[in-house]
Amino acid sequence: MRLVLFDVDGTLVDSQHEIVEAMNLGISGAGLPELAPEAILSIVGLSLPVAVAQLLPGAGPDLHDRVVEGYRAAFVAARAAGRHPPLYPGALDCLDALAALPGVTLGIATGKPMRGLTAILAAHGLERRFATRQSADGHPSKPHPAMLESALAETGVPAGRAVMVGDTSFDMEMAQAAGMTGFGVDWGYHPADRLHATGAVLVAPDYPALTAALLDWAEERAA
C-alpha cells in the first residue's frame, strides 16, 4: 500500500479569489481595514482561527471571533449561490492516473472544515475518490502532524510509503513532522524557495510534472 495525500486550497482547487473575498468581508464586517490579497493568501492552509489571529495580531479575541464568523458566513452564502472554486487544469487527470495504480490510496489533508471540504468534493464529483479525509475539525492546525498521523492510522500505511502534496510551507513542515515525503506545487500560495526550505523533495511547475513525479514515486515504492 502507498498513500498520496493532497491539500485542497491552492493544490487541487483555485480558491484564491473566494478566500480573499470572504476574509475581507469578515474583516470589514468587524470594523477593520481590509488586507491586501497577498497577505491573506500567505496564511492559506492554516486552520481559520489560527489564520485570523496571525493576520490580525493587534486585534483582540472578540474581533478575531467576529472575523471568523464573517468569513464562514461569506462561504456559506457563496455555496448557497452555487459558487465553487474550480479544479486546477490537470488535477483530475492526476487523480485518475494515481487511482489506476494497484495499491495506491488517495487522501485529503486540509485546513478547511469538513463541511467546506464535503461541499467542494461534491461540486466536482470527487466524493468517492479519497479513502481518508482529514480536515481542521478535530485536529490542531497545520503544521502539526495530527492530520497526517490520523490518515496513516486510518489507512494502515506507514509514513515511509506516504507522500503529502501541497502548496504551502505548512504542508511541507507537516509532512516532515510526520516522517513523510513532501511534494510541493508551484501554482499555489507559497513560492518554490519557501517550499524547498521547509522540506519539499521537489516542487512541480504544473500538474503533468506532478503526475509524472507521483507515478515515479509510487513505482519506486511498489516493491
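Author: Welcome! Contact here means heavy atoms within 4.5 Å. Please keep in mind that this is a predicted model.

Reader: How do you know whether its radius of gyration agrees with that of a compact globule?

Author: Set the two values side by side. A compact globule of 223 residues would have a radius of gyration near 17 Å, and the protein chain has 17 Å, so the two agree. Along the principal axes, the C-alpha atoms fill a box of roughly 60 × 35 × 30 Å. Buried residues make up 52% of the 223 residues.

Reader: Let's take one residue. Why is N24 called buried?

Author: The cut-off for buried is under 20% relative accessible area. N24 has 8% relative accessibility, so it counts as buried. This residue lies in helix α1, residues 16–29. Beyond its neighbours within four places in sequence, N24 is in contact with E34, L35 and I40.

Reader: Now helix α10. How do you know whether its length agrees with its 14 residues?

Author: At 1.5 Å a residue, residues 207–220 should span 20 Å, and the end C-alpha atoms of α10 are 20 Å apart, so the length agrees.

Reader: Which residues of α10 are buried, and what puts them on the same side?

Author: The buried ones are Y207, L210, T211, A213, L214, W217 and A218. They cover an arc of only 165° around the axis, and therefore sit on the same side of α10.

Reader: What makes D206 a cap for the N-terminal end of α10?

Author: A side-chain oxygen of D206 lies 2.9 Å from the backbone nitrogen of A209. The cut-off for a polar contact is 3.5 Å between N or O atoms.

Reader: One last thing: is the peptide bond from K142 to P143 cis or trans?

Author: This bond is cis, with omega near 10°. In general, most peptide bonds are trans. P143 lies in the loop between β3 and α7.

Note on methods:
Residues numbered from 1 in each chain as written. Predicted model: local features only at pLDDT ≥ 70, side-chain atom pairs only at ≥ 80, totals over all residues. Heavy atoms only, no water. Helix = DSSP H or I, 4+ residues; strand = E, 2+ residues; numbered from the N terminus. Expected span 1.5 Å × (residues − 1). Buried < 20%, exposed > 50% of the residue type's maximum accessible area, 1.4 Å probe, protein only. Arc of directions from axis to C-beta. Polar contact = N/O pair within 3.5 Å; in protein donor to acceptor, adjacent residues only side chain to side chain. Rg over C-alpha atoms; globule rule 2.2 N^0.38 Å.
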